[in-house]
Amino acid sequence: MSNSFTPEQLIRSEILSLSAYHVPPATGMIKLDAMENPYPLPLQLRKDIAGLAENASINRYPDASASALKQILRRNLGISDEMAILLGNGSDEIIQMIAMAVAKPGAVLMSVEPAFVMFRMIATFASIQYVGVPLKKDFNLDLEAMLTAIEKHQPAVIFLAYPNNPTGNLFDADAILQILAASSGIVVIDEAYHAFADTSMIHQLDRFANVLLMRTLSKVGLAGLRLGLLIGRTQWLQHFEKIRLPYNIGTMTQLIAESVLHHTDILSQQAEAIKVERTKVSNYLSALEGTEVFPSSANFILFRIKNADKVFQSLKQRCILIKNLNGTHPSLENCLRVTVGTPEENTQFCKALHTIISEIA
Ligand SMILES: *Cc1c(COP(=O)(O)O)cnc(C)c1O
């Protein structure tokens, strides 16, 4: 066995130099770091779900096409019959399917910076070149830079999150339309935070053959289920379907999602409560001395604060976990991102932050 390879010899260098997506431990913490919905489902619905588990045929493989689930998603989201649906184990898996499908030698996957980190990471996994076009200082699209980069790199696929993560803002709709018009490749509009925004790009599916729209149930209260979906024309989705691993959506995910999707009023009410709290927290943060708060159409708020590292650590010591973005990108210097929680959690966060600021000053 002396001639066996070491991992360093066998594993691709770009994988060796990656650091794994870090999920910090959060037991006993007020968890405001991952854009989860803080509200549980109502008791009766949870009991219904328990009944589903009791009767599920988990000795059998799941419905490979998840047809019942797709049907209710189609109805709930108002997806027209001309459009196909692809399901993923979270939308992360859909990003991966698309990247793998277009990863020809020399192909480019494009996004903006700062954006959702998985766009870049998955490009690396799939061996496709990544190009990130910097946003403007206010985190809006730099349309000129985008159009120049599209012309230069001819990206096979562009990912744009609408609203964007980690910045929380909606890009200018006109700028997006110009990008759609200028792109000869695929453009994926990632609407993970759709429930918290008052707008959508879904109607662009009819106008542009190469536009695909991605949604997820993760941010509306079902992060543990892992269900994302891609909406677009069959001419594209039929090929991504071939890359989708059989049975990627488990039996319990299908059953629970179907059951909860019969009660979307509950999810919408929770999203509305989160939007009300978002305004409160945002106003509170803006009134603090020395903070800069960025406008959010999502369920989290990005803000800049002096000594962000220290503030982050002090919050953590008080068992409040948010996301420290300082050092992740030059334009995010001293930036922190807080997910909107329940009124009680938000009050605790605001109080703790206030105390910490007066202690540091
Ligand atoms: C959270 C998030 C996702 C991932 O969602 P999953 O469906 O949980 O994989 C996708 N895109 C953006 C922009 C996100 O912030």
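Author: The dialogue below treats pockets, a cavity and a pair of helices.

Author: This is a predicted model, in which local features need pLDDT of at least 70, side-chain atom pairs count only at pLDDT 80 or more, and totals for chains, interfaces and linings use all residues. Residues are numbered from 1 along each chain as its sequence is written, and side-chain values use heavy atoms, with hydrogens and water left out.

Reader: What volume has the largest pocket?

Author: Rolling a probe the size of a water molecule over the atoms shows where empty space is left. On a 1 Å grid over the protein atoms alone, a pocket is an open set of points with protein on both sides within 12 Å along at least five of seven lines, whereas a cavity is a set where a 1.4 Å probe fits but cannot get out; lining residues have an atom within 4 Å of a point. Points are joined across faces, edges and corners, and a volume is the space filled by probe spheres set on them. Here the largest pocket has a volume of about 1400 Å³. It is lined by 49 residues, and Tyr21, Phe116, Val117, Lys323 and Arg337 are the closest to its centre.

Reader: Which helix supplies the largest share of that lining?

Author: Helices (H or I, at least four residues) and strands (E, at least two) are DSSP runs, numbered from the N terminus. The largest share, five residues, comes from α6.

Reader: How many residues line the second largest pocket?

Author: The second largest pocket, with a volume of about 390 Å³, is lined by 18 residues. α12 gives the most to this lining, with four residues.

Reader: How much space lies in the largest cavity?

Author: The structure holds one cavity of 30 Å³ or more, and about 50 Å³ of space lies in the largest cavity. Among its lining residues are Asp63, Lys70, Arg244 and Tyr247.

Reader: How are α3 and α11 arranged, roughly parallel or roughly antiparallel?

Author: Two packed helices are described by the angle between their axes and the distance between the axes. Axes are lines fitted to C-alpha atoms, for helices over the stretch in contact, and angles run from 0 to 180 degrees between N-to-C directions. The axes of α3 (residues 43-55) and α11 (residues 251-261) come within 10 Å and cross at roughly 150°. α3 is therefore roughly antiparallel to α11, a term for angles over 145 degrees.

Reader: Which residues of α3 meet α11?

Author: With contact meaning heavy atoms within 4.5 Å, Leu45, Ile49, Leu52 and Ala53 in α3 meet Met252, Leu255, Ile256, Ser259 and Val260 in α11.

Technical notes: Angles under 35 degrees count as roughly parallel, over 145 as roughly antiparallel, 65 to 115 as roughly perpendicular and the rest as oblique.
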